[in-house]
Amino acid sequence: SFDKAKLANALSSHTLKSATRFQYGTAGFRMEASLLDPVMFAVGLLAVLRSKYHKGKTIGVMVTASHNPEKDNGVKLVEPLGEMLVQSWEGYATELANATSSADAITSALESIIAKEKIDLSQPARVVVARDTRPSGKALVASLVDGVQCLGGEIKDFGLFTTPQLHYVVRCINTAGTEDAYGEPTEEAYYEKLAAAFKKITAGYPRLSPLLIDGANGIGAPAMEKLGKYLGDSFAYQLVNNDVVSSGKLNHESGADFVKIKQTKPLGMDLKYGQRACSLDGDADRIVFYFTEEDGTFRLLDGDKIATLAADFIMDLAKQANILVQREDGSKTPLHIGLVQTAYANGSSTAYVKDTLQVPVVFTPTGVKHLHHAAEEFDVGVYFEANGHGTVLFSPAAIKAFKTSVGATPAAEKAIDALRALTELINQAVGDALSDMLLVEATLTYQQKSFAKWNSDYTDLPSRQEKVKVANRANFVPIKADTELSHPIGLQEKINEQVAKFSKGRCFVRPSGTEDIVRVYAEAATREETDRLCYLVCGLVF
Ligand code: 16G
Ligand code: ZN
């Protein structure tokens, strides 16, 4: 077994003293930073168990609260190939965090996980950790280190990283020396890989006008500055909201979440007609793009628009290259592309994908892990949440087809080269704002397409999102990929009744996984109807 005295001793500096109940949710643990110390210690313990479970493979820990205010922080675990922690272990994380109130409680919680998962404690344990720019991050990492070390695990601290960079190094470390080797596990190698792939795709095309980048005064800003050095002349940009030193600025009226929800440009950006812009979020795993019309109308190019742009581009290249994929039964068939969306996807985007692009669409509940798994079912699985979180996954068979295909014409050969470069450019571990930014810019450069042209693919239906405070959000039980509620009994029928009154009306209610509220989303044919539908349904929920 493990050294119980050592555990008790280590816990004594991290004992849970408040009555807080912790829960590992969609985004891991997330709350006010001052409450997180015992949680970090528990996550350190769990990371060791998870690594031993995987026979010593490296487990990642990211310390961030993404787009939340600066006073919050959070932590999530990353699996060996860079995915989110498997769902079956989320409960263990919750149990351990809540067991930090006493040595007895934590000892028995650990013993029970070890027994249930048949963990061989003689296996080595390796953990890597990184954090965003929040001032609370450094002390929280120290608490995590205590947890890891008291169970004899090794830990490497990468310091300040974007969330996708942490996922990237985890995947690199665990695939090193295999045929799926993902790259060197360093920050420099990450920039090099992205920049080289971007240059390959855009070589020979005129550069686009400079992109205004809102760094949300978070980790994405310094990361972008470093990436910019590797991109050199191939990419023109101007970074704003890059102050990671002054307190109170992180995500303040800026960043992808702010821009998406408020449908307006961030504080600190002067956006003129003719300019192109984007916003990262506080840990740089989300991105949205935008511009203004001549009359000042704000136009948002969100995750849905990124997904359709990417799917269309990849289909085009695959057609030009005449890519055929080797199947298990020996046959060779064209690339199978699919798109994964959530209930938050604008209804117009879904219609465009199905009817115009003629690409199948799968719906999953909110949260990256759900979309990611659904996307793995395709040769090319494009998944994006409307909020700008997503990526494109290539199956091993697709990658093999790109590697082995020979173009019949110079144009086909060029398309194959672009497809190969895309597999390098797009982060396969997780949605990545910097990688997604370059994906969009590479696509638009290759197609010499403006934001206005991109936006004209389809017109978003007006939409509105509201938060409602309720007594107990656990009473709201979502079904059918978050599109309906099974409980409270009768509420869904009332929502349906309202929706039926509106042209192109659609509305759903789901409990937030990250805040103590219920979210209401509505869309309809006009702005006025959308607002009214949203308001009516908020009234039903309250
Ligand atoms: C988390 C999810 C994000 C989702 C959001 C929904 C991950 C890494 N992040 O941030 O994908 O959109 O939760 O938040 O899965 P909500 O449940 O509060 O609406
Ligand atoms: Zn984020």
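Count up the ring pairs in this predicted model and there are 22 aromatic pairs in the structure. Take Trp89 and Tyr92: their ring centres are 5.2 Å apart with the planes at 80 degrees, so this pair is edge-to-face. Both partners are tucked away from solvent: Trp89 is buried at 1% relative accessibility, and Tyr92 is buried too, at 8% relative accessible area.

Elsewhere, one aromatic cluster is made up of Tyr168, Tyr182, Tyr190, Tyr191 and Tyr230.

| Charged residue | Ring | Distance to ring centre |
|---|---|---|
| Arg50 | Trp89 | 4.6 Å |
| Lys193 | Tyr182 | 3.6 Å |

So much for the rings; now the metal. Which residues coordinate the zinc ion (ligand 2)? The donors are Ser66 through OG, plus Asp281, Asp283 and Asp285, each through OD, at 2.0 to 2.2 Å. The angles among these four donor atoms run from 85 to 174 degrees, and the site is irregular.

Along the sequence, the donor residues follow the spacing S-x214-D-x1-D-x1-D. Ser66 and Asp283 thus bring together distant parts of the chain, 217 residues apart. Ser66 belongs to the loop between strand E2 (58–63) and strand E3 (72–78), while Asp283 sits in the loop between strand E8 (276–280) and strand E9 (287–292).

How values were computed. Residues are numbered from 1 along each chain as its sequence is written. Chains are lettered from A and ligands numbered from 1 in the order in which they are written. This is a predicted model: local features need pLDDT of at least 70, side-chain atom pairs count only at pLDDT 80 or more; totals for chains, interfaces and linings use all residues. Side-chain values use heavy atoms; hydrogens and water are left out. Rings of Phe, Tyr and Trp (its six-membered ring) pair if their centres lie within 6.5 Å; planes under 30 degrees apart count as stacked, over 60 as edge-to-face and the rest as tilted. Buried means under 20% relative accessible area, exposed over 50%, partly exposed in between (1.4 Å probe, protein chains only). A charge sits over a ring if NZ of Lys or CZ of Arg is within 6 Å of the ring centre and within 35 degrees of the ring normal. Donors are N, O and S atoms within 2.8 Å of the metal (3.2 Å for Na, K and Ca); water is not among the atoms, so sites may look incomplete. Four donors count as tetrahedral if all angles lie between 85 and 135 degrees; four count as square planar and six as octahedral if opposite donors are over 155 degrees apart and all others between 65 and 115; anything else is irregular. Helices (H or I, at least four residues) and strands (E, at least two) are DSSP runs, numbered from the N terminus.
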